[in-house]
Each structure stands twice: as structure tokens, then as C-alpha cells.
Amino acid sequence: MNNENTALAQDERLRSFEEYVGEGKAIEPRDWMPEGYRSHLIRQISQHAHSEVIGMQPEGNWITRAPSIRAKQILLAKIQDEGGHGLYLYSAAETLGISREEMLEQLQTGKAKYSNIFNYPSLTWADIGAIGWLVDGAAIVNQVSLQRTSYGPYSRAMVRICKEESFHQRQGYEIMANMMKGTPEQREMAQDAMNRWWWPSLMMFGPHDGDSPHSADAFRWKIKRHSNDELRQKFIDKTVQQAEVIGLTIPDADLKWNEETGHYDHGEINWDEFYRVIKGNGPLNKQRIAHHIKAHEEGAWVREAAQAYKQKQAQKYN
Ligand code: BYC
């Protein structure tokens, strides 16, 4: 084929790809896909996986100090679930042709991002409540929408992850509800956690739609089904009511019900803080990555043993 024919064939492939996703059909690993689609998904899915894994750190900080055996068991199970989510997502990204080692290198060298939210400290037990309720709550709103994303392995991972996240959200809400029934000090602790986690949770949905460079491709290829602002609004609308039920105040003086739109209006998000944090200069970015590198290095012998076992098994059966 000459160059012109190759370009025409390429255009035709792109047209039929876009028509296919436009009909709501799923793309599978062996299907043809434009390079832009592949790299967009590798970026998003690997960052999603990194968020799950780095997200284990603020909660891990409280395992030894959980206030009861029941609370400790639940927290351990939740953190283990997050590790599992990371694994499903790394596997989904691997189907697009990137290796696990490459993804981890991108995380550890700061080339790949992870959610802004995990760069804040978990200072008290109430923070474990706020993380479960607000952070997992925000994550579910985003992930329910991603269950219908166009890439098959990503959308299937989301189905399972959402089921587990809804337990996590309730675990967090239960902690907050119990603290609000407790002593004045416990109520104060819960409100303080709410004040610190509310705004970073709203930032989890990403920049406003007009400032989101990846959204146009994401919509064209049905990777995103709802915009950053739509999902943020959905989260606010459902969370305000949950806060009211247990007596917590949302730290936003501009928050008010809008009869006309049928949604809550809210105050402006501090985008300077958001960009500072996602560029690596949040309160704990350096600590989070240093901890990841240390744990990864200490786990080298486990990976080597698993590889050696795999090779031995392969020799046995070949
Ligand atoms: N944090 O064009 P945009 C969990 C970046 S973990 C950091 O809107 P996109 C849990 C964005 O990457 C669940 N960076 O991007 C675990 C891009 O930069 P790059 C975590 C952010 O992709 C343990 C730039 O800003 N969930 O639940 O169209 C314990 C421009 O943004 C953030 C996910 O990862 C952010 N919040 O939309 C407890 C969801 N937002 O890549 C709980 C999967 C934006 O060009 N991801 N950026 O360097 C998504 O749905 C989408 O990637 C986003 C952003 C909606 C987040």
C-alpha cells in the first residue's frame, strides 16, 4: 500500500472504532484501538491503581491504634480490599501493553500521578471515619460511572470495586455517626476531620470541566460517561444530607440549596492547593513515595521467590 492508501485505511479504522464505541460497545485488549485511546487509558488506569495502593498508607497509620478489635478487623479488611483493587487495576492496565515494573517506576519517579487526597495526614481516629465516608464516598460516585466505561477490562474491574467500596463508605459513616453520639470531645474530633477532608474530597473529581484537558477525548471515546463537575455535584448533593442526619456541619459558608437547579450551590474550590498537591508539593507527597519505595525494596525477595517458583513449575510441566 502506498502512503495515501495507508492513511485512508487508518482513517477508516478510526471511523469504525469511534462508531463502535459510540454504539456503547466494549473494546477488548485484542481489538484495534487508536494509540491515543491506549495511552489515555494507560495513564488513567495506572493512576487509579496507584491511588488505591498509596491510599492504603493513611489508613494503615491507624491499624495499631483502632479503638476496638471489631474496628481493627474491619479496618484491616478494608485496607486489604484497597490492595486488591490496585491489583485488578494494574492487571487491566497490563492488557494495554505496559508492564507492572514500568508503572511502578513511573509512580516512584513522580512521572505518574495518584489521587490528590492521599497526600494529607490522618491525624485522629475520626480521620478514618472521614476517609471511609467522604473519600470512598467520592470514589464510588466516580467509579459507578466508570462501570460503563468503554474499555472492557477497566469496566469489569469497576463492577467488583464498587461493591467493595460501598461497604467502605458505610464503615466510615458508622465511625462518624458513633463519634457524633459520643462525648463533646469526640464530636469535636469528628467535625475537625470533616473540616479537613471535605475540600480535598471535592478536588478528587478533578478540575472544572472547562479546565480539564483530557475530558474531550474521554467523552469522544466513552471513557468518561459523566463530567468532573457533574460527578462532584452528585457527591455534594448526597453527602450534605448524610452530614445533616448525624449533626455534622459542612465547612462551606456558601453551601445552599438551589430550588431552581435542584442542586446545592457550593463555594469555590482552592485550585492553587489542588495543583500544588498533584505536582508533588502537598503535605505528605514525599513521605508517601518514600514509604512506597521502602516497602517495594523490602518486598524484593517475595517477588524473586514467586518468579523462581513460576520457573520451577514451568520446567516441571514443559
Ligand atoms: N488527583 O483532564 P483531567 C480510593 C490530574 S482510590 C490527582 O480532568 P482526567 C481509595 C489528571 O490526572 C480511587 N491528579 O483528567 C483508595 C491530569 O493530569 P495528567 C481513586 C488529578 O483523567 C484507598 C490533570 O489533573 N479514583 O477510592 O480526564 C483508600 C487534568 O485532569 C486529579 C480514581 O483514580 C486528582 N484528584 O480526569 C480509600 C478515579 N484529578 O494525568 C479510597 C479514576 C485530575 O495529565 N480516574 N488530576 O498528568 C478518573 O476518573 C479521572 O482520571 C479523573 C480526572 C476524574 C480523576
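How do the residues of the shell around the ligand divide into nonpolar, polar and charged? In this predicted model, they divide into 13 nonpolar, 13 polar and nine charged, where Ala, Val, Leu, Ile, Met, Phe, Trp, Tyr, Cys and Pro count as nonpolar, Asp, Glu, Lys and Arg as charged, and the others, Gly among them, as polar. Residues are numbered from 1 along each chain as its sequence is written. Because the model is predicted, local features need pLDDT of at least 70 and side-chain atom pairs count only at pLDDT 80 or more, while totals for chains, interfaces and linings use all residues; side-chain values use heavy atoms, with hydrogens and water left out.

The ligand is surrounded by 35 residues, the closest being Lys113, Asn116, Ser212, His214 and Lys224; a residue belongs here if one of its heavy atoms lies within 4 Å of the ligand. Turning to polar contacts (pairs of N or O atoms within 3.5 Å), an oxygen atom of the ligand has a polar side-chain atom of lysine 113 at 2.5 Å. Backbone atoms take part too: a polar one of methionine 204 is 3.1 Å from a ligand nitrogen atom, and a polar one of proline 213 is 3.2 Å from a ligand oxygen atom. Taken alone, the ligand exposes 1,000 Å², of which the protein buries 90% (Shrake-Rupley method, 1.4 Å probe).

As for the fold, the protein chain comes to 13 helices and two strands (DSSP runs of H or I with at least four residues, and of E with at least two, numbered from the N terminus). Helices H2 (35-54), H4 (69-94), H6 (125-146), H7 (152-180) and H11 (271-281) each supply at least two residues of the ligand shell. The C-alpha atoms of the chain fill a box of roughly 75 × 60 × 35 Å along the principal axes.

Definitions and conventions: A polar contact is a pair of N or O atoms within 3.5 Å; within protein, one must be able to donate a hydrogen and the other to accept it, and residues adjacent in sequence count only if both atoms are side-chain atoms.
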